[in-house]
Amino acid sequence: MKKLLSLSLISALMMMGPAHAESNLVFAYWGDPAELPPFEQIVSDYEAANPDVHIQVQHAPWSGYFTRLDAQLAAHAGPDVFFITNVPAYAARHQLEPLDDYIKKSDFPIDEYNKGALQIHSLKGEPFSIPRDDAPEALYYNKDAFDKAGLAYPDGSWDWDDMRDAAMKLTDASNGRTSRYGLVMESNDWPTWIMQNGGNIFDDPITPTKFIMGEPAATEAVQFLGDLINKDKVMPSFQELDQSGGTTQMFVSGQAAMAITNAARLGSFADADFNWAVAPLPHGRDGTRVNRSGGAGFGMNAFSDKKDVAWKFMQFLCGEAGQTIFASAKAAAVPAMVGNPNVRAAFKAPFGDVFLDESKVGRNYPNFPGYVDITNLYIQPALDLVWSGEQDANTAISAIEENVTKRLADSK
Amino acid sequence: MAARSKLWRRDTQAAWLFLLPSLVLFIMFIAIPVIAAFMISFTEWDLFNPMKFVGFGNYTKLFNDDIFKKVMGNTAYFVLASVPLQMAFGLAIALVLNRNIKGQTFFRIAYFLPVVTSTVAAALVWSWLFNSNFGIINALLQMAGVTNPPKWLASTKWAMPAVIVVSVWQNVGYAMVLFLAGLQNIRTDIYDAAALDSARGWKRLWFITLPMLSPTTFFVLIISIIGSFQVFELVFIMTKAGPANATNTLVYYIYQNGFQFYQMGYASAAAMILFAIVLVATLIQYRMQDRWVHYG
C-alpha cells in the first residue's frame, strides 16, 4: 500500500514537469516608477509572441542598480540581458558579450542608430551594447512660478546669465531656509557646462591622452555651477538634492522652479499640479550650444549560458519593436534608432522637438575603461570641494591634475 | 587505565562533533577567504583576467597612495572619537539604570533599540536630520541663535563628526547592556564592606565599581575598537565616503577598490593592513590588561 502510494506520488510529480522545453531569461533594468511601463510592455509582448520563453525581471532604482549588478557580474552570475551605461569599462573587463558576430549573423540594422551613441556603446570600435536612447537634457520650468514672478518664459535665446538671473528671482528663501530653489540639475551634468564654455575634461572622450580640465574654460564653468550653489544660493548642493529625492521630487513638489533633466521625466512630471513646459538648454556665453550625448543601452552578459535566446530577445528589445514602444511611452526616451522612420514617427512626446533639437548638438562625455576610477578617486572629490564652497574650482582641479595624468597613463 | 582512555576518546569525539558545525562554517567563510585574500594581496587581479604576481607591489603602492593615507587618518579619527564616546556614555547610562529608578525597563529598551534597528534605515533618517536646508538639527541650531550652522554631510569638516554621532548613538546601547551585566555581577558584600569603611559616592565608584567592572570594560573596549575599525554601512548610506573623501574609511576603501575598480589585489593588500592593525591593537590591549584589569 505504502509502496503504491509513493509510486503514484512520484508519477504525479513527474507529470507536473514542463510540457515543452522552456527558457528562463533574466532581464534587469533601472528606472523611476513612471519609466517602467514600456519595459513591462516589451516583456509581456515578447512573452506572448514566444510562449517558450519566460522572462524574469530584476528591477532596481538607479541608486541601487549598479551595486547589485557589479556584485553579480563579479561572481560571474547576474542577468542575461541588462540595461547598462559606462559600456567600455564593462567591456574591457570582459563582462559584456561582444555583439559584432550576432549583428552580422542576423542582419541587425545597426546603421539606423545614432552614431554618437554607438560610439560610447563600443570598445575599440566593436559594439558591446545597443543604445536605447539619446538622453539630452532640457530645461523644464514651472510656468505658474514664472507668471507669479512676472518673468518671461525661457526660450532658445537664454544664455547662462539669463538663467542665473531668473533663478535668483525664483528662489524663495527666508530665515536661512530655502523653501523654493530657482534651479535644480543632475549631479553628473557638469561636463555639459564645461563644453558649452569651450572647454573639456580630456582632449578626447573615447581615446584621451591629456587631462585638460584645469584650463580656464573648464574651471570657469565648474565655478559657475559652484557659485549657483554657494554664492547665489539658487541651487541646492547635490548632496542635499539627493536626499530630497532628486530633480524629479524637487520639481514636482514645487521646491524647485526650474529643472534641467532628460525626457524620461516627461512621465514623472505629468501629474504635477501646476503648469509646466520645456525649453532648450541655455547656451554658453558666446552662444555655443552643447548637450550631453548618448544614453543607456542594452548589453548581454558574457557569462550567460543562453546567449542565443538572449540575442533573440535583444533583437526585439533593441530593434524597431522595442524602440517604437520606448519612443511612444509617456516617460519618453529620445530614440537611438533615429534612422528608422517608424521609430521616428512613434516619438510624439510633448516637447519632442525640443529634445530632438538638443540631440543634434549632443557631444559625448568621457567614456573609456579607466574613467570610472578617475572620476571616483579624483574628479568627484575635487568637485565636492567646489560644490561645498570650500575651494574654488581652479585650486581644486589643479590639485588633482598630476594624479589624473598619472592614472591616465597607467590605464593604457 | 584502558577504560579511562576509552572514555577520554569518546569525549573527544563528542567534542569534535559539537564543534563541527561552527568549525565548518569558520573554515569555509573565514579561514579560507582570509588565506585566499592574503595570497591575492601579492597579485594584480581584476577577477576576469588571469592573476599576475607582483610581490609586495600592492603594499608599496598603498604606502605611496595619498588617498590611502587620508583614509588611514579618517579611520583613526573615527576610532579615537567614537570608541571613548560610546564607552563613556554606555557606562554612564548603565550606572544610572543600575539603580532602582522609575521606568528602568523602559529606558533600558529605549537605549538598546538603536542596536537592533536596521543600520540602513537609521542612517537614512539621520541624514535627513542632518540635512542642511530642511533638517531638524539645523532648525534647532538656528532657533538657538546659530546664524550659520554647518552643512554637515556636505562639508568636509562636519561630515565625519556627523557619522561619529550616529555611530555612537547606535552602539551606546550595546556597551550599556554589557556594562549593566558587569555591574550586576559585582558582589554586594564588597559594597557592604566598603560602606563599613565609609566609602560612598565617587569614592565607591572609583575604588570599587570601576576596578570590579574592569573585565567588562576590557571586553567592551576590544569589541568597540574592532567594530569601529570596520565601519562601513553608515558611510555607505550617509556620505558614500564624500565629500572629497572626508569620510572614506578603510573598509569603504577596500570595497571601492575591490568592487568598484575591480582591483582585487590592491583591495586585499589594504584588507591585510586592516587585519594587522586590528591584531596589533588587540595584542597591545592584552599586554596592557595586567595593569588595569582585575578578575575578581
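Modeller: Let us begin with a term: axes are lines fitted to C-alpha atoms, for helices over the stretch in contact, and angles run from 0 to 180 degrees between N-to-C directions. Helices (H or I, at least four residues) and strands (E, at least two) are DSSP runs, numbered from the N terminus. This is a predicted model, in which local features need pLDDT of at least 70 and side-chain atom pairs count only at pLDDT 80 or more, while totals for chains, interfaces and linings use all residues. Residues are numbered from 1 along each chain as its sequence is written, and chains are lettered from A and ligands numbered from 1 in the order in which they are written.

Colleague: Thanks. At what angle do α11(B) and α12 of chain B pack?

Modeller: The angle between α11(B) and helix α12 (residues 264-292) of chain B is about 165°, and their axes are 7 Å apart. That makes α11(B) roughly antiparallel to α12(B), a label used for angles over 145 degrees, whereas under 35 counts as roughly parallel, 65 to 115 as roughly perpendicular and the rest as oblique.

Colleague: Which residues make that contact?

Modeller: From α11(B) come B:L250, B:Y253, B:I254, B:N257 and B:G258, and from α12(B) come B:M264, B:Y266, B:A267, B:A270, B:A271 and B:L274. Two residues are in contact if their C-beta atoms, placed from the backbone, lie within 7 Å. By class, this contact of α11(B) with α12(B) has nine nonpolar, two polar and no charged residues. Here Ala, Val, Leu, Ile, Met, Phe, Trp, Tyr, Cys and Pro count as nonpolar, Asp, Glu, Lys and Arg as charged, and the others, Gly among them, as polar.

Colleague: And where is B:P243 found?

Modeller: B:P243 is in the loop between α10 (233-238) and α11 of chain B. A cis peptide bond, with omega about -15°, joins B:G242 to B:P243.

Colleague: How do α7 and α9 of chain B cross?

Modeller: The axes of α7 (residues 159-184) and α9 (residues 201-229) of chain B cross at roughly 160° and come within 9 Å. That makes α7(B) roughly antiparallel to α9(B). In α7(B), the contact residues include B:N171, B:A175 and B:F179, and those in α9(B) include B:L213, B:F219 and B:V220. The contact of α7(B) with α9(B) has seven nonpolar, five polar and no charged residues.

Colleague: Changing topic: how many residues of chain B are in contact with chain A?

Modeller: 25 residues of chain B are in contact with 23 residues of chain A. On the chain B side, α5 (119-129) and α11 (250-260) each supply at least two residues. The largest share of that side, three residues, comes from α11(B). The side of chain B that touches chain A divides into 12 nonpolar, 11 polar and two charged residues.

Colleague: On to chain A. Which domains does it have?

Modeller: Chain A has domain 1 (22-133 + 294-363) and domain 2 (137-292 + 370-410); such bounds come from an automatic or database domain assignment. The centres of these two domains of chain A, taken over C-alpha atoms, are separated by 27 Å. Their contact takes 21 residues from domain 1 of chain A and 20 residues from domain 2 of chain A. On the side of domain 1 of chain A that touches domain 2 of chain A, α17(A) gives the most, with four residues.

Colleague: What is the strand order of the open sheet in chain A?

Modeller: The order of its five strands is β9-β10-β11-β8-β12, with mixed pairing. Two strands pair if DSSP finds at least two bridges between them. In chain A, β9 (172-174) and β12 (276-279) stand at the edges with a single partner strand each, so one side of each has no neighbour in the sheet. Neighbouring strands of this sheet are turned by 30° against each other on average, direction ignored.

Colleague: How many bridges join β10 to β11 of chain A?

Modeller: Four bridges join β10 (residues 177-185) and β11 (residues 256-262) of chain A, and these strands run parallel. A:Y181 stands opposite A:A256 in β11(A).

Colleague: Finally, where does A:D107 lie?

Modeller: A:D107 is in the loop between α5 (100-105) and α6 (115-120) of chain A. Phi of A:D107 is near 50°, a positive value in a residue other than glycine.
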